[in-house]
Amino acid sequence: MAEQVMIQVRMDSVLKDQALEVFDKMGIDMSTAVRMFFKATVRQQELPFSTNVAETKAPSLGEQLGDFYKNMVMYEASIADDENVVTVFPLEFGEIPVKMFVQLVTKVPAGKVARWEDIFEYLGMLYGMKVYEKPHRAMPYMDSDGNDIPYWRIVSVNGVLCDSRVRSRESQKEKLEREGIPIVQRGSIRNSYRVDNLKTHLFDFKSLKAIKSE
């Protein structure tokens, strides 16, 4: 394993707080965000975003719809037929398949929540490797039967509602409360919520039976 080093960065305090709020919505901390940035830079051999300051042409409606549907690649519903069984698929180019992450999200039942960290830990146990982050490829919004994948049941490490794949935190709050999850206001932060008594409502992935795909 490579030697771990400490990196210190100076930045505007307001910018830091704004970034932390975004990371919180995504369910990651600043260290994870920095590692993701470095990995993407190495993988692409350039900054993972455009630095062109010239005015760019706004994408057409067709281009926007194309991008939208590109991110709606269907997840095969039959994989998740048995709610107590998880199908373990082989690595793809040395990486855990996107459908494994999605499959575990679908295993979280109504009345329970999970954190990405719980999913990373369980996948690490299944594959015998460290898992630190979500896949870089887009994850689908619905399965092949047209059912929404329940990303609203995924919260941050501290139980904070994160709306990265849900329409809004208000929508996520409404869905979770409808399923019996108690939600409380997060301090004085406007429109910020967390799961009350988080540990009581966490789903235990170790209760699943894992089988290898044929």
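The conversation below goes from the whole chain to its cores, a strand, a helix, some single residues and the surface.

Guide: A word on ground rules: this is a predicted model, where local features need pLDDT of at least 70 and side-chain atom pairs count only at pLDDT 80 or more, while totals for chains, interfaces and linings use all residues. Residues are numbered from 1 along each chain as its sequence is written, and side-chain values use heavy atoms, with hydrogens and water left out.

Visitor: How many helices and strands does the protein chain have?
Guide: Helices (H or I, at least four residues) and strands (E, at least two) are DSSP runs, numbered from the N terminus. Here there are seven helices and six strands, and their order along the sequence is α-α-α-β-α-β-α-β-α-β-β-α-β.

Visitor: What percentage of the residues of the protein chain count as buried?
Guide: Buried means under 20% relative accessible area, exposed over 50%, and partly exposed in between (1.4 Å probe, protein chains only). Of the 214 residues, 36% count as buried. For areas, the Shrake-Rupley method with a 1.4 Å probe is used, and for residues only the protein chains shown count as cover. The protein chain exposes about 14200 Å², with 52% of it supplied by carbon and sulfur atoms.

Visitor: Which residues have the most contacts inside the largest nonpolar core?
Guide: In soluble globular proteins, nonpolar side chains tend to be buried together. A nonpolar core is a set of buried Ala, Val, Leu, Ile, Met, Phe, Trp, Tyr and Cys residues joined through side-chain atoms within 4.5 Å. The largest one here has 26 residues, and Phe101, Leu104, Trp116, Ile119, Leu123 and Phe205 have the most contacts inside it. At least two residues of this core come from each of β1 (85-88), α4 (98-107) and α5 (116-127). Another core lies apart from it, with eleven residues, among them Trp152, Leu161, Ile183 and Tyr193.

Visitor: What does Leu104 touch?
Guide: Contact means heavy atoms within 4.5 Å. Not counting residues up to four places away in sequence, Leu104 touches Val86, Ile119, Tyr122, Leu123, Phe205 and Leu208. For the protein chain, among contacts between residues at least 6 apart in sequence, 63% join residues at least 24 apart.

Visitor: Which strand pairs with β1, and is the sense parallel or antiparallel?
Guide: Two strands pair if DSSP finds at least two bridges between them. β1 pairs with β6 (residues 209-212) in the parallel sense, over four bridges. One example is Thr87, whose bridge partner in β6 is Ile211. Both faces of β1 are covered, with Val85 and Thr87 buried on one side and Val86 and Val88 buried on the other.

Visitor: How many residues of α4 are buried?
Guide: Eight of its ten, so α4 is mostly covered. The buried residues of α4 are Val98, Met100, Phe101, Val102, Gln103, Leu104, Val105 and Lys107. Their cover includes β1, α5 and β3.

Visitor: Where does Arg115 lie, and is Arg115 buried or exposed?
Guide: Arg115 lies in strand β2 (residues 114-115) and has a relative accessible area of 19%, so Arg115 counts as buried. Beyond neighbours within four places in sequence, Arg115 is in contact with Ile154, Val155, Ser156, Val157, Leu198 and Leu202.

Visitor: And what about Val157?
Guide: Val157 sits in the loop between β3 (154-155) and α6. Val157 counts as partly exposed because its relative accessibility is 38%. Val157 and Arg115 are 42 residues apart along the chain, yet their C-alpha atoms are separated by 5.8 Å.

Visitor: Which residues of α6 are buried?
Guide: In α6 (residues 169-178), the buried residues are Arg169, Ser171, Gln172, Lys173 and Leu176. Ser171 counts as buried because its relative accessibility is 10%. Just after α6, Gly180 takes a positive phi of about 90 degrees.
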